[in-house]
Structure formats: structure tokens, C-alpha cells
Amino acid sequence: MRTTEGHVKPNPDRLGLSYRFIGHALKQGGIVYNNVAGNQKGGNRMFDYTVETPKTVDEAITALERTLSDHQFGVLWKLDIPTKLMEKGIALEQDFRVLEVCNPDIAKKVLIRNQKGGYFLPCKIVVYRSEETLKTHIGLLRPTSLMAMTEDEDLKQIAAEVEKTMIRVIDEAK
């Protein structure tokens, strides 16, 4: 199966699975994708927020570090996936980085409210150069999508506030 954008969708019937993902990002028959993720599509909000930038991957990361700091978030860890894979003898030509970011006050608030919220900490931002478009992308796994799985209204509210800030960070960095 393919979406209208040409992305392959997994078929849960073949896998013997039935999907219910936060009531919007997944639906029976496979994952709903779009090329500029994070957009509304048919009333469904995606699990991510992704933008393009004319910056290189390194420039985008530098800009993110600055804007994250401006919003009281810090980078806990940076993963350079091609370098890590090469350590295992696997070559990946695409530049793909993952930043784990956190605001310690918010992390504490989440953990005090519900320790299972810690499963979703820290937030992840990805920066990569698309092999298809040769453009750099900055993306965020939406905290609201993750925290919705807890069915804890207070955590959902915290996630909405964090998501709003993280989208602002990404938009300022692009």
C-alpha cells in the first residue's frame, strides 16, 4: 500500500495487528504519513513536526542549541547516527543526527506527576539531510502524541506547553 505521497504504509492485517494510536496518527490499514509532517491532513494531526531549512545539518544544530538555550532547554546528548553505525561496520551515507533535549524543571514536574511520563523523556529533535530533496530537515516527535498514551490530563497539558515551545524553538532555528 502507498499513500498519495508515495510512502509505503505497513498493513496491520498482514501483521495481525490492530492500530489505535492517539486517535489520529495511525488508522486501520496503516500509518498515515505526509511529506511535510506535522501538518493537518484530513483532520488528523501527525506524530511529528518537521520543517525544511536552507542551513547545513551542522548549522541547524548550532542554531537549535542557541534557541533551545533561549527557551531554558539544554542538549543532553547528540547522536550522529552514521558515525555510530560506522563503528559497527555499517555505512549510512545520509547525515542524520538526534538531539535529546530537556528542561529540568519540566522533567521534574512530569516525574512528580506520573513516573511513567519519564518513559517519554527527554524530548528528541532530529536533524537530517534528505537524500531525496537534498535539503536539511529539523523535526520533533510531538510530546502531545507521546503523553496522550498515558491518558493523564495533567501530563497532556504539560506536553502541550512543551510542544508549543519546541515548535517555536525549531521555527526560530530554521
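L146 is buried, because its relative accessibility of 18% falls under the 20% cut-off. The residue sits in helix α5, which covers residues 143-147. Its C-alpha atom lies 8.9 Å from that of G117. Along the chain, L146 and G117 are 29 residues apart. This is a predicted model.

Now the whole chain. The protein has 6 helices and 9 strands. It contains 174 residues, and 42% of them are buried. Take the contacts between residues with a separation of 6 or more: 59% of them join residues 24 or more positions apart. The accessible surface comes to about 10200 Å². Carbon and sulfur atoms account for 52% of that surface.

Turn to helix α6, residues 153-173. One of its partners is α4, residues 104-113. The two axes come within 10 Å and cross at roughly 165 degrees. Angles over 145 degrees count as roughly antiparallel, so α4 and α6 are roughly antiparallel to each other. The crossing is left-handed. From α4, the contact takes I106, K109, V110 and R113. From α6, it takes D154, L155, I158 and V162. By type, the residues of this contact divide into 5 nonpolar and 3 charged, with no polar residue.

Helix α2 also packs on α6. Here the axes are 9 Å apart, and the angle is about 135 degrees. α2 passes α6 in a right-handed crossing. On the α2 side, the contact is made by A63, L64, T67 and L68. On the α6 side, M166, V169, I170, E172 and A173 take part. This contact comprises 7 nonpolar residues, 1 polar and 1 charged.

Stay with T67 for a moment. T67 lies in helix α2. Which residues does T67 touch, leaving aside its neighbours within four places in sequence? They are V169, E172 and A173. Is T67 buried or exposed? It is buried, because its relative accessible area of 2% is under 20%.

Next, the backbone. Most residues other than glycine have a negative phi, and most peptide bonds are trans.

Start with the peptide bond from L121 to P122. That bond is cis, with omega near -10 degrees. P122 belongs to the loop between α4 and β8, and β8 runs over residues 123-129.

Then Q72. Its phi is positive, about 65 degrees, although Q72 is not a glycine. Where does Q72 lie? It is in the loop between α2, residues 57-70, and β6, residues 74-80. Q72 is exposed, because its relative accessible area of 54% is over the 50% cut-off.

L134 is found in the loop between β8 and β9, with β9 spanning 136-141. Its relative accessibility is 52%, so L134 counts as exposed.

Follow α4 along it in the roughly antiparallel arrangement.

Methods:
Residues numbered from 1 in each chain as written. Predicted model: local features only at pLDDT ≥ 70, side-chain atom pairs only at ≥ 80, totals over all residues. Heavy atoms only, no water. Helix = DSSP H or I, 4+ residues; strand = E, 2+ residues; numbered from the N terminus. Buried < 20%, exposed > 50% of the residue type's maximum accessible area, 1.4 Å probe, protein only. Contact = heavy atoms within 4.5 Å. Areas by Shrake-Rupley, 256 points an atom, 1.4 Å probe, with all protein chains shown as cover. Axes fitted to C-alpha atoms, helices over the stretch in contact; angles between N-to-C directions. Parallel < 35°, antiparallel > 145°, perpendicular 65-115°, else oblique. Left-handed = near helix turned anticlockwise from the far one by under 90°. Nonpolar A, V, L, I, M, F, W, Y, C, P; charged D, E, K, R; others polar.
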